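Subject: Structure for you to look at

Hello,

Here is the structure I promised to pass on. Please open it first, then read my notes below.

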Amino acid sequence: MTGSNNENCENKSTVARRRWKILAEALQRTSARDASPDSASTRKFQSFGLLSFDSLGQDFYSVRCINWDLKVTVRLLRRDFSPTQLTGFNNTGNVCIWPSEEILTYYCLDNLSIFSGKSVLELGGGMTCLAGMLVAASGEPSKMVLTDGNALSVNNVKVSLQRNYLPMETYTSLFFDEGRESLLSTLLKVLRPGGTALVVAPSRSGTFQTFASMCRPHFMVAVVEKYDQVVDQHVQKQTTMDPYYNKNLHFPLLMILKKKIGTN
């Protein structure tokens, strides 16, 4: 037991150091940063290759997901944050487009029918809310609401929305994503009985499964680790080529939550 606890503590410490290193690198950047999509993507591990970017100038990009012609315009924020911007807020959503958002975008487009005529809420969409933007652009949902816990992200999404003429609402600070209790409480409040939530995140040394366990008294829980052949091929190709890939940190699992009838 002691050895296991020490190993868990060491893993958490390693993950924390890596996160702070990313933020430190962002802090040290200047406005002359390379604004390429790769530099605004997933840590040193760049991408699973499911998204394509066409530069429109002034940090704006036309983005689409492979196998779909649907496109939206997004602005990728410059990562030269001041110490004030990095202190007190979770600013990780402004650092890059993370693998979880990339996989979520693909999954949503591959399953658009589940959004048909529904009111859809994206929680913690970061600086692009890319999955929500593309689902809204498909015309399937009756209503789309985009949120993030960081005002800078929300303001950037509003700018992107103006470029796309999409009728969506944006809100800030429904919850802080480091608080699992707050996330669970939010999902219980916003979902009707029978309503569905898609939660996408890496395992991160068991934190994903910890949240799944918290949800089981209130939701029917299913976890997807294998998506489809397209994702499998891209994951295998990109991860074989990229020495920085760490499955525990970078490969997003999908948790499908369906609120139980009679749950408040």
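One stretch to treat with care is residues 173-177, where pLDDT stays under 50. The model still has 14 contacts for these residues beyond four places in sequence. Keep in mind that this is a predicted model. Where pLDDT is low, the predicted coordinates should not be read in detail.

What about the rest? The protein chain has a mean pLDDT of 81. A pLDDT of 70 or more is reached by 74% of its residues. Confidence is highest in strand β8 (residues 219-224), with a mean of 97. It is lowest in helix α2 (residues 83-86), with a mean of 53.

Now the fold. The protein chain contains 9 helices and 9 strands. Of its 264 residues, 45% are buried. Take the contacts between residues at least 6 apart in sequence: 74% of them join residues at least 24 apart. The chain exposes about 13,700 Å², and carbon and sulfur atoms supply 51% of that area.

Helix α3 (residues 99-110) packs with helix α4 (residues 130-137) at an angle of about 20°, and their axes are 8 Å apart. Angles under 35 degrees count as roughly parallel, so α3 is roughly parallel to α4. The crossing of α3 past α4 is right-handed.

Which residues of α3 and α4 meet? From α3 come Glu101, Leu104, Thr105, Cys108 and Leu109. From α4 come Leu130, Ala131, Leu134 and Val135.

Best wishes

Notes:
Residues are numbered from 1 along each chain as its sequence is written. This is a predicted model: local features need pLDDT of at least 70, side-chain atom pairs count only at pLDDT 80 or more; totals for chains, interfaces and linings use all residues. Side-chain values use heavy atoms; hydrogens and water are left out. pLDDT is the predictor's confidence in each residue, from 0 to 100. Helices (H or I, at least four residues) and strands (E, at least two) are DSSP runs, numbered from the N terminus. Contact means heavy atoms within 4.5 Å. Buried means under 20% relative accessible area, exposed over 50%, partly exposed in between (1.4 Å probe, protein chains only). Accessible areas come from the Shrake-Rupley method with a 1.4 Å probe; for residues, only the protein chains shown count as cover. Axes are lines fitted to C-alpha atoms, for helices over the stretch in contact, and angles run from 0 to 180 degrees between N-to-C directions. Angles under 35 degrees count as roughly parallel, over 145 as roughly antiparallel, 65 to 115 as roughly perpendicular and the rest as oblique. A crossing is left-handed if the near helix is turned anticlockwise from the far one by less than a right angle, and right-handed if clockwise.
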